[in-house]
Every structure is written in C-alpha cells, then in structure tokens.
Amino acid sequence: MARIEIDGELHTVQDGNNLLSTCLSLGLDLPYFCWHPALGSAGACRQCAILQYRDADDQQGHLVMACMTPVQDGMRIALTAQQARQFRRDNIELLMTNHPHYCPVCEEGGECHLQDMTLLTGHTMRRFRGQKRTHDNQYLGPFINHEMNRCIACYRCVRFYNDYAGSDDLQVFGIHNNVYFGRFEDGALQSEFSGNLVEVCPTGVFTDKTFSAHYARKWDLQTAPSVCVHCSLGCNVAPGERYGELRRIVNRYHGEVNGYLLCDRGRFGYDFVNSPKRIRKLHIAGQASCSVTMATDKFHTMLQAADGVIGIASPRASLEANFALRALVGEDNFFLGLDDSEHTLLNAIHEVMRDGGIHSPSLQEIEQADAILILGEDVTHSAPRMALSLRQAARNAAFALASKLHIQPWQDAAVRELRKQAPTPVFIASICSTRLDDIATNTWHGGPEDLARLGFAIAHNLNDAAPLPAALNEDQQALAANIARALRQAQRPLIVSGTSCSSLAVIQAAYNIARALPESAPQLAFTLPECNSLGMAIMGGKPLQQAFAAMNQGLADSVVILENDIYRRASTQQVDAFLETARHVVVIDSLQNNTTEKAALLLATATFAESEGTLVNNEGRAQRYFPVYPVTDPVRASWQWLLSVMTDSPWAHHDDLTSACAGAFPELATIVAAAPGADYTVEGCKIPRQPQRYSGRTAMHANIAVSEPGQPSDQETPFTFSMEGTTAKVPPAVLPVIWAPGWDSNQAINKFQEETGGSLRAGDPGIRLFEASGTQSWFNDIPPAFQAQPGVWKVIMLPHIFGSEELSLQSPAIAERCPAVCALLHPLDAETLAISDCDTVAIRDPSGTLIMNMPIRIEKTLPPGLLGLATGRPELQPLQSGMLVCLHKSDPLATDVSEERS
Amino acid sequence: MSQNIRPDRDFTTLKDYRRTGGYQGIRKALTELRPKQVQQLVKDAGLRGRGGAGFSTGLKWSLVPMEDDSAADIRQTRYFLANADEMEPGAFKDRLLLEQDPHQLIEGIIIGAYAIQANIAYIFMRGEYRLAAKRVAHALQEARDHSYLGEHILDTDFNLEIYLHTSAGRYICGEETALLNALQGRRSIPRAKPPFAVVSGLWGRPTVANNVETLCNVPHILHYGVDWYHSLGLGADQGTKLFGVSGRVKHPGLWELPMGTPIREIIEEHAGGMQDGYRLRGFLPGGASTDFLLPEHLDVLMDYDAVAKAGSRMGTGTIIVLDDQTCPVQMVLNLEEFFAQESCGWCTPCRDGLPWTVTLLKDIVAGRGRMEDLYTLAGLTRMLGPGHTFCALAPGAMEPLQSALKFFREDFERYIIGNSATREPA
C-alpha cells in the first residue's frame, strides 16, 4: 500500500496502479477516454491530466497524465488545481474541433461518455471557426453502424479489436486529424466480439445497428438484471425494453464472469424475443381460439385423463421451471430431454466437478492461467466469451517478464511488445483449426478418439499412475511430453475441455490431466451446450431415449414438453413416433418449432426477458435473471403454467419454487441466495426498473386510452415496473441500471466497483455451487485410434457462434452472419472423391439411401476420414455426430438441400 | 568527421576511408577494449546526441542491460539502430555524411553495436535519400567483403550484420520509438516512455538508436582518444558539429566547426552574411522546431547549454535565417503546415491542436483573423507544450510559433488590423 495526497487529502491506495485508475477507485471524478480498465493505458487522449508536485514544498506542480503515472508512496497530486482543470477543458475543446455538435439527434446521446466528460470538464464555448473534417462511413455488417464524423480518435476501438480481441480487419488509417478507424473495404466485421465496440467507443462512432432499428433513449428503456441464455457461460446482461419490445442487450459488468465484454451472439441474439415466430396465442388442436382459462382447464383435464405423464425438461429453461415440471410429473417420469450422448457427457462433467477435487475456474480466473491446454474445443464457437479470456491469459508470460523489467502491467503497448519473447504456453488440440490458433504455442488436430488419446498420454506423462494409451506414434508422444512439461512448470495450469467433440473419453482424459497435477492447483474448465445444461445435470433425470421407450412400452401415454424442441435431440422418425403414440402432447414454449407444431395444447411462454429464474453456468455458478417487462396475456412464464395445474401444490410464488428446489437438491441448497427475494425493499420501496428520467409514461398508451393505466404489479421479484423507488445501495444481483450522477454512460460502472476492473461492491452476483473436494479414480477407458475406412466418413459436428444455438438463430442479425451450410473435408478425401471446393456431394447412409446433398469446403486441418458439419443447424438435422456416411460427387443440378432430404 | 567529404560530391570508398585512418576505431574497440570500456570511453568523451536532444551517447549505451546485469540472462538479443531519417525542415547534415562518407557511419555502428553487444543493426533511412541509400548499400557490401561485417569481425568473437531500411517516409519516423514501430512494420506512432528503448525497444529487446552524425563522431573518439576529442570544443560541449545555414545568406551550406562556435561566426563568416539588400530579422538556431532568436543573440555560442540559455535549442544545429523581407507569420504558417501534416494522429493536443493552429494562421494571413485569435494561438502554444503531448513533435512545432508571437507580434496584428499591404511576402 502507498500513502498519497490528493487535493490535500491523504489516501491509502494500492501500489503499482496508475493514478487514473486509483482516483476512479477512490470515487473521484477524473475524465478520460483512451484508458479502459480492460485495455490498460495508452496515453493518447491526454484527458486525465492532473498536477503532480515534486515534494511537500512545491507549490507550482507540473502536469502529468494520470493514466501514465504510477502511484508512488508519499506523492502529492491535485485533480482540482486550476491549471489541470484548464488543460482538461482545453483538451475537450480540441477534441470538439471535429466533433459534430448534434447530440440531440445522435444515437449515443444520453449514454455518451464524451458527453459526460465534456460536461465534467466544463467546456461550453466553441472558439473553433474552421470547417470540420468529414468522413465517409462504411457498411460493417448487420451488427454495427459506423459514423466516423463523431470520432475523437481515442484509439480504443482498434486497441480492443486488434490487441484485445485478436482480429485485424478493423484498423486505423490516415494521419494527423484525418485518422480513420474502419475496414480496408466495406464488409461485415469479422470478430466474434465486434459488438463490444458499441460500449468501448466513448462516443457514437460504433453503435448497435439492431438497436437503431427500434431505437429508444437509454433513459426510456426499462431494464432488469439478466443472464445471457445463448451459451453456458452465464454472462450478465442488461436487456432494455420499450413499448413491450425488447430493444437491445448491453453488458452488465460482472467481476468474475464477463467483466466489461460480451460476445456478438450474446449481444445481438436477443431479437428472437420479438420474432414473428413468437408464440403469443394459446392453442388447442382443433379449436380456433383459446383463452387462459380454457388452456388451463384443458391442461388439467389432460393430466387427469392421462395414464402416466412424461415430463421433458429443458436445458434452456430455469431451474425453477424444470423443478415445477419435475414436481408435476414425478421423479420417475422426469426426463432431461437430451440425446443419449449429451446426457452422458453432462453427467460425466457434473460428477467430475462435484467429486473430482479440481477447481472449476471463473472467466476471471481463466485470465490468470499461465499454461493452457485446450482439449477438443473451438472455444470461440462453443463458449465465445471464454475465448476472449483465454486470449488474455496468453499474455501472462509477458506480464511476468514486464514485472522483471519494471514495466507496469498497465503500460499496455509495452507489455504487448514482450509477447513474442515471452510466449505463454497455450496448446490447442482440436478437431481442426480454431479461432484461437494465433495465440497457441502448438496446435494439433485429430478426431475425438485421438484427442482423447493425446490427453491420456499427457496425464500419463505427468503421473505414471495414469493409464497410458497403447500404440501412440512418436509425434504424439513427443507432443504429450512437451505439453506435460509446460503444465508441470506452471503455477496456474488450466485445462479446457467440453462437450463439442461428443466424446466421453475427451472429458475423462481432461480430468486425468488435471488430476495428475496435484501440486499446482490445476483448474479444469468445461464448455457446455446450453445456458442451464449444468443445472439440469445437477437436478438429474432420465435421457430422452428412455422417454421414447417408456411411451412405447405403454408406461405413459401423455407428455408435457417444457421449452425443448426435441426434434433437435433425436431423429425425426423417433420423435414423430413418440409424439404420435402420445395421447396428449402439451408443449410449453416461446418460439414456433417442429415440436410446437405437434402440440395438442400449446402454451405460450415468456422468454428470459419476461420471466424470472435461476440458471447454473459452466463454472457451477447459480445466477438469477429477472423479467425486464411484464408479459401480456395470454403469455405466462413456464413455471406459472405448471403451477396453475398443480392444485394441491404448496407453492404460489417463484420464490417458493426456488426454495423448494434448493431444499430438494443438496447441491442446489444455496441457490436462494443468488439474489434477494421478492420481499426485498429499499427504504420500503421495491427497486424501479425504469430510470428516473423515464419519459412518456402518461402518454405512451394515449393512442389506446387517454387515462393513464396503473403500472403492472410484480409479486415475484424485488422490482417494480415503475420509476418510483431507488436503486441506491441495492446489491449488484438486483442492480437494474448502471448510472451515477454525471456518468450517463455505462462507464459509470466505476462507481459500483470495489476498485476499477475489480469486483462489484457487495460482491459479484451469483452463488458458486461447487468447491473442489474429493477425488475420482483415474479414468481408464482409452479408445483406440481413429482409423479412416475407405469409402466411409464419420460425421463430426462443429459448433459455430452464429447458427449453432437455437434461440439466437431466430434473430435476424445473427441469421445474417450464419455461414452457409456446407460440409468440411480433408484435401485427400476430396481428391479421392474427385471434388474441389464448392462442389456438391451426395451424403448417403451406408445402405445407399440419400440423406442430402451438400456443398463441400476443403479444410486442410480436418483429419482425413471425417466429415465436418455445423452443429445445431435445422437443415442438417438428419445428420448426427458419430454417424457413418458415404459420399459421392453429386449431380450439379441436384443441389437443393431440402428437396433432397430422404 | 568531414575529412573525407570531397568537393566533387563523390563518395569515399573503403580504400579511401582506410587511407585516412578509417576502421582504426573498431580495431581499437574490438581488440583492446571490453564493451563496458567502450561505453565508458564514449561517456568520458562527452559526446551528446546530434539528433537534437543532446543526450549523452555513452550514458545511453550504458543503460542497456548487459551480461553482468540480472535482467540480461533472459534477453540475449539486442539491436543497434542508426537513425538516418533526417526530415526536419532546414536540416541536411546527415545527408552529407551518408552520401559522401558512408564507411564512417558503418564504423560508428560497429563500435556502438560492440559496446552494447548487439549482433544486428539497422540503418533506418529517410525514403527520399535515394542516393544515400545507394551509397550506403554499396559501402555495406564493401564492409562485408572485407570482413568488417559478418562473423568474427577482425578475428574476434564479435558478429554483426547491418541492414539498410529505407523508410516509407514520415517525419515522425525520426522519433526514436516511432522509428521502432515503423521498423516493425507498424504505424509509426511513438511509444510510451518508460520503458525506454534501451530496456524494451525493437521487438521488445534492448535497443540503442543513435543519430547518424553522433555515430560519425565515434570512430574518431576511439581512434584519437578522449583528450583529443575534448580539445576540439570551444565551449562547454565537446567535439565538433556540423552546422548549417539556410535562408537569404550569401553562401548557404554546411560546415564542420568546433562545438561552441559563435552564431555570428557561422552566419557572417562561413555563410557569408546576408544577401545584398536583406537584413537579418531573426533565425531558428537549430532547425524548424526551435525558438526564434534575434540579431541580438548573434554572439551566443552554438552549444547545447548556451543556446538553451538564450531561449532556444541547438537542435540539429542547422540555422534557418529569417530576413526582413520575409513575413514571419507566413514563415511560421509554412512550418506549422508541415508539422500539422506530419502529426501522427495519436495524441489529442498534437492531432487536433496543430491543424487548428494552421486554420488560425491561415485565417490571419487571409485577413479573416481576429485579435482574440492571438490569444487562442498563445493558449495553443502552452497547451501543446512539453509534457502535455505524447512525444516532442508538437512542443517542437510550438517553439517557432511561441517565439514569433513574442518577437514579431506586430506582424500578426498588422494582418488582423488589415494593414498588411506594407508587408506583402516577398
């Protein structure tokens, strides 16, 4: 710790930080642009100028940039000195020479960091009389608008995009005040994290294009804390609503999980909520209309009449909704709704996390790793935000060297310069090339069996007691030894694996490696398919195939399907047979899909934006999300539909379900504490979802009725659909909006953190369910090496950030960025088949029946004998991982995928 | 330094260079002295950087972590750079050395590289210096052919390769750390200091960059010794310096003179005084980015401290003369246009302040100026001052402006009042 004097007051602060970050941590207002807690210092904008005094006698002082000046014990500085204030004001004046003065018509207005900082410095008069320079804007794809005239050249965009996120298609061009931040030509931004530009840019150069399409001011958006539902990481998000429509998603800071940043799927995937495919009406087969009462009655009658009800749960629904279903149908009839393979993998991961004695790291902890092995995952596509954390971890050796050279860790460019001579060991063993290969010290490609074998070999290298795969080739042995050495030497080694390979052996091999490193407190992170996959594994239930069997055997004759398109989980024939056999099919879901089409009773349910619940992320962190806006009749939350037919249930409210769920499963015992319950108040008031400046409440429905309707009440959460009440001092888990006086932009977050970039005051939201304890025995089931068979290819499904996830695929912007469906083949295989890139092949099952025709892309990193296809695309539904298929060059005229489906 | 400069502007071959004592310096350094001793020798000689900043060359070399430092074991690779990106308006001294005596530079680089134990050196040369590039490349090949470069130079364990890099061309590339970025193929924006290049320079490795003229001093210091070098200077600083004069003097040119030669001697004797019909109104003593001095300062000695005391900088030692028939406002506008054009765009005061300065000066010259513009300009000279910007470009750019506002204020005011007819630029 160091003692420093700021404006005459003594403070005890952290050593080693820069003064800007220190002042912000102390709650002082000091304007800045180019500095960002995630990006470190650049020294470009010169906005955070303060006065530094040489010693106790120095009255004059000299200007220094706070972001570039390290804290030193005994130093004296002044933020409020006239000279410093004048400089900061004049600096804004310079920035403004080319900035358009049209805040009222700018989309950033009202949440603009530049606006905040301008007001903070007191620059009010313009002396510049010259012409402002203007720029052409570019088309940057479906996510981001480009408005270069607003640019103040803080360089944050390129520092984030190139340095932090590792993409290179956004660059800075030009010189002097004609610098231009854009692409070399128009085109969609290639980074999977481009959406962060919206928040990283301190003004309105990069804005959210999906938000523009239905724009509202920040202060007119109703907001509640939420959790992203588009992958397993549980990034915290802040959705905003106006006029009953979900308008956008912005990041909600979480010190342990997502920090300041989201992936593009998480940010732009929300529009499925507004999709024309939304189910907004209840439906009883054969009836023209259906009211809530009719539906409830029908549901009730069906249950009464049923001879055994199967409940099919959902990994994309909350613990509470699933728990209600389980209570409704009973434990014996509760099925997780996952295919056998995924079911097995999730159970294995759950057991390892619970009993394996290995720490499951948060994303923040992942960023601290100093040696990394990624086994079988293309993390950018299976758990995108984690890829960003891994990318930062790859800098840790450079940070260590910087420390030796007395270079401050926040001297961003200087630390980056050391990267080449201090590479952090990052090993990526995957099916084919990944988007993180550029940070890897070694990459290796193989089929799932071979990835597992490599993993087992690494474990054996670390510990003789771990089993050794037979017949490894020399390359594999050398690589395994090399990886083992790096992991052993590390202080904080990290193994990343997951379900993408659909291989139990890969997961078991990953565990063996972690287990073989007992001395160094290894961390083992898994990526899972969906937002509540781990929650469902904890709750437990039977695999979907057993539901089919039970129906076949007549053990049940009805089924209630909760938020699950089971056509994505099993073959069409199987599901068709299952649903046709069932006497009653009740489906509760929010979007039309193949399963909802088969419903005898279709209940419209709320999405994450209109309901509450608890999700368990890949780390084992239970987090609560809250409705942003009320659902309109006849839509209900899933848990409400289920409770409505449980007449003898002791539960009336969501909190009751959470408590009951916590009581029913020891591992979930603490979930109640994930967020305050509905009885939580601040000074006797509930927490307002609407900002104090929320406008138009009396007028917004005037086209319907001139009387102001009462605000909808909310019995289920600590929030109200109103602006009455206060958000002051509420814990982070229920903090709806990030705002502080003078700080209208999201950068106000520094007023809510223990220290800049650190944890939120009163603790980051969520409850970790597992801490490392116990140990499992070595896994010994080592698969034989994959042998490609002539004439037969093994299907391998590869996730893609855009398209593989069910809900976000229904958002138009995401759909636009989905790659065209094609199949990947190794060049040798293509040669065997006499096909070249973009040719079409006929995919047939081994009996010769045509499954579909598919264009081919040649991928030289894909192992021979495998046919790579995108996970989760409806067009590819007939094909599943592990299937064996035959390929033939097909007639160029017969390329239509859908028509050729058998 | 200039002993081999020939009136016919031809260049010195290796044979010629050796005939006048060439490559004796490296023999002394490589075979008789340890690297630390070479550093000490150059430090003792009092050689200061001739690129404009005047930092002690030997001291710079001694800041590089070497084998006996704790940080060195992990960082074997070091680089040595010759900064030949001479681009300041009015400066043409390095060009002479590059074009006509390239071996002198090469020898200086070899000694410098030996002193910091760097095995790779680069000459970063201004792209427009095509003749210099051709001749340096030729000299490098000659040096290689005679084993002054490559492995086991002079049968010692010392290896060195020198690469010539011709710049794509930006003034800012002359800034030491922007030069590093440019050499690495990046945008040439300066880097934050600390860390200094001697700790983390080219590709993050310890790196020394010296100006061409600085390095051309080094062989002679090694060959003739510290005492001899000390005997050359007239004032506080050691050795000789290339001084240049441009503007309306009778013989604009470049002369090697002792450090501390009075400015009057340079302008009046060597440059022959003002052309007939012109009177001296002021001068920039060290190139475009130094403060104006007035005729009353003619007796100031050209050394770092004396010029600083007079209120300017010796900079590159290339004097630009302002005569009484050239408009100082337009002269300053011309300079500021250069600096505004060359601002790299990284930091706010420079990127946005210099173009605004140009706008204001243009307005004034075009008769659209207002009296408060002079206040704004004066404010900008403070705003863009030392320590306020990321590198020294903008503070340098402000030096001629701030002194012009002080010394030639009536010229600015005359434009604004609208009475500029009497002082139309020539």
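**View 1. The domains of chain B.** Chain B is divided into domain 1 (14-230), domain 2 (243-323) and domain 3 (328-423), with bounds that come from an automatic or database domain assignment. This is a predicted model, in which local features need pLDDT of at least 70, side-chain atom pairs count only at pLDDT 80 or more, and totals for chains, interfaces and linings use all residues. Residues are numbered from 1 along each chain as its sequence is written, while chains are lettered from A and ligands numbered from 1 in the order in which they are written. The centres of domain 1 of chain B and domain 2 of chain B, taken over C-alpha atoms, are separated by 28 Å. Ten residues of domain 1 of chain B are in contact with 14 residues of domain 2 of chain B, where contact requires C-beta atoms, placed from the backbone, to lie within 7 Å. On the domain 1 side, these residues comprise four nonpolar, three polar and three charged (nonpolar: Ala, Val, Leu, Ile, Met, Phe, Trp, Tyr, Cys and Pro; charged: Asp, Glu, Lys and Arg; polar: the others, Gly among them).

**View 2. The open sheet of chain A.** Five strands of chain A form an open sheet in the order β2-β1-β5-β3-β4, with mixed pairing; strands are DSSP runs of E with at least two residues, helices are runs of H or I with at least four, and both are numbered from the N terminus. Two strands pair if DSSP finds at least two bridges between them. The edge strands, each pairing on one side only, are β2 (9-13) and β4 of chain A, and the twist from one strand to the next averages 40°.

**View 3. Strands β3 and β4 of chain A with helix α2.** Strand β3 (residues 49-53) of chain A runs antiparallel to β4(A), and four bridges join the two. Gln52(A) has His62(A) in β4(A) as its bridge partner. Helix α2(A) lies across β3, β4 and β5 (76-78) of chain A, running at about 155° to β3(A), with axes fitted to C-alpha atoms, for helices over the stretch in contact, and angles from 0 to 180 degrees between N-to-C directions.

**View 4. The contact between chains A and B.** Chain A gives 34 residues to the contact and chain B gives 33 residues. On the side of chain A that touches chain B, the elements giving two or more residues are β4 (62-65), α2 (82-95) and α15 (412-417) of chain A, and the largest share, five residues, comes from α2(A). The residues on this side of chain A divide into 17 nonpolar, eleven polar and six charged.

How values were computed:
Two residues are in contact if their C-beta atoms, placed from the backbone, lie within 7 Å.
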